[in-house]
Amino acid sequence: MTNHSETTAQVTLRTPAELADALPYLLGYRPEDSMVLVALYDSGGKGRFGGRARLGIPAHEEDWEEAARQLARGLVASSERRGTKPEQLVAYVCQEPAPGERGRDVKRRLARLAHLLRIQCGDLDVPVIEALCISDGRYWSYCCPAEDCCPEDGTPMGLPGTSVLAAAATYAGIQVRGTLKELRARLQPWEAAAAREQEAALDAGGLALVPRILDEAGRAEVSEETIVLAERAIHRLAAATPVAGALPADLRDDGLIGHDEAARLILGLQDRNTRDRAAAWMEGDEAAPALRLWRALARRCVGPYAEHAAPPLTLAGWVAWSTGDELEAREALAMALGADPDYLFARLLHQACNEGLDVESIRRCLRAGRPGGAPGAEPSADAPGTTEPTGRTENMAGPTPAGEPDPAARMRRRRRLRSALDAAGDGPRAARVPGQRRRPASPPPAAGRAPRASNRHPAGTRLPTKRTGETTT
């Protein structure tokens, strides 16, 4: 089997060891607690890698068969939409040992799951030519023809980055990230002592914002102030001294954004029009610091404010996708839907990303709503849902109330904020991509409450769709 990169380099993989080593380079990250299928096509008598699909291993064995069916059908269906059904598949099951287990125990426990994957793929007339278990730095083949061929304790995998494929991937500029757990950690809310201070800032900000949002002019002012604050934060992050490593970089970014500032931004982004304006920071020099800002805000949606993470997580997913990082895009958008299953903007973007929609079509839609593509620019007259900038900047946090309010009072204030946003313009749950009307998208998959039969947004804007590309689940 040959792995082709965008350059002319080719690497031929002949053994299970080489297939096991290839998995992180095929996915772009090191999978954990996952089952993976990789499509193969014949190319001049040699196998050529195609699309790949990943799904987490269900905790309960009774769910394994359905999960295997979904994974197999999802990959084959997405390949057929491109007109090229896979000819063969390689299956992987990856899981680290639980306390008291060894790698060989994982191999035995997951043998039924690997068998189910082979059955489901066979039912679709696509045979699995190799099924591998990867655990504890070792691999096992479930397709070995001789029982005494493979050691019971598995075969050690090579050191990361030392194989021929690793060298070819480095030459081709292919980056292997860490695990999905490490990626999600950059987007998950704080749990340290600072989380309480951030929650108090969000409480205070909500008290100051609700009366202004209920007023039509005040709502427009809040939107403009949020955009101005976000622009300042983006410029501040862009000017920061670079540091090596994801964790040090995130800690540096967290230190550059104050609690009150983060609260004002998080609460302001609950308004769909403000969020749509912020989504225009999607390319060029502004994209990278904007992505860092949305990550930082997602980390500040602490405690009872977890649902407020949907807008910054969606913006993070959108900017990641717009800049070519589909892995982070899918994870961020999935986490946004986890925070608020009814968040339409996240659902549409997640569907579009999975279906391989040309990202430039969405960029054009966002550019159309704002001349020059700058969120702070004066909106065009025909862009629905935009507000005129006022040029005013006020302290949106307001004074900190004396004394610690009781939890019931905090919950009432949060409900009032979300009710105010709902009443003042379709609410934070209604999402829109600004710009002129586009061709309709296919209805997104159900998540939470079922959407309306039509996917037309209340404001009449639709996302264009184009059913091309592989789905990486």
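Author: Among contacts in the protein chain between residues at least 6 apart in sequence, 72% join residues at least 24 apart; contact here means heavy atoms within 4.5 Å. This is a predicted model, in which local features need pLDDT of at least 70 and side-chain atom pairs count only at pLDDT 80 or more, while totals for chains, interfaces and linings use all residues. Residues are numbered from 1 along each chain as its sequence is written, and side-chain values use heavy atoms, with hydrogens and water left out.

The protein chain has 17 helices and 8 strands; these are DSSP runs numbered from the N terminus, with helices being H or I of at least four residues and strands E of at least two. Of its 473 residues, 52% count as buried, meaning under 20% relative accessible area, with exposed over 50% and partly exposed in between (1.4 Å probe, protein chains only).

The part I pick is helix 13, residues 310–322. The expected span of a helix is 1.5 Å times one less than its number of residues. For the 13 residues of helix 13 that gives 18 Å, and the end C-alpha atoms are 18 Å apart, which agrees. Helix 13 is largely enclosed by the rest of the structure, because 13 of its 13 residues are buried. Just after helix 13, glycine 324 has a positive phi of about 95°.

A search of the whole structure finds 1 aromatic pair. Its members are tryptophan 318 and tryptophan 321, arranged edge-to-face with 6.1 Å centre to centre and 80° between the planes. Rings of Phe, Tyr and Trp (its six-membered ring) pair if their centres lie within 6.5 Å; planes under 30 degrees apart are stacked, over 60 edge-to-face, and the rest tilted. Because tryptophan 318 and tryptophan 321 are 3 residues apart in helix 13, about one helical turn separates them. Both tryptophan 318 and tryptophan 321 are buried.

Leaving aside neighbours within four places in sequence, tryptophan 318 is in contact with Ala279, Met282, Leu349, Val359, Ile362, Arg363 and Leu366.

A nonpolar core is a set of buried Ala, Val, Leu, Ile, Met, Phe, Trp, Tyr and Cys residues joined through side-chain atoms within 4.5 Å. The largest has 58 residues, and those touching the most other members are Trp281, Leu293, Trp294, Leu297, Trp318, Trp321 and Ile362. Helix 13 is one of the helices that each supply at least two residues of this core; others include helix 12 (287–299), helix 14 (326–339) and helix 16 (359–368). A second, separate core of 30 residues includes Ala39, Ala53, Leu55 and Ala91.

Helix 12 also takes part in a charged pairing. Arginine 299 forms a salt bridge with aspartate 254, the closest N and O atoms being 2.9 Å apart. Since arginine 299 lies in helix 12 and aspartate 254 in helix 9 (residues 246–255), the pair ties together parts that are 45 residues apart in sequence. Arginine 299 and aspartate 254 are both buried. A salt bridge here is a side-chain nitrogen of Lys or Arg within 4 Å of a carboxyl oxygen of Asp or Glu, and the structure holds 26 of them.
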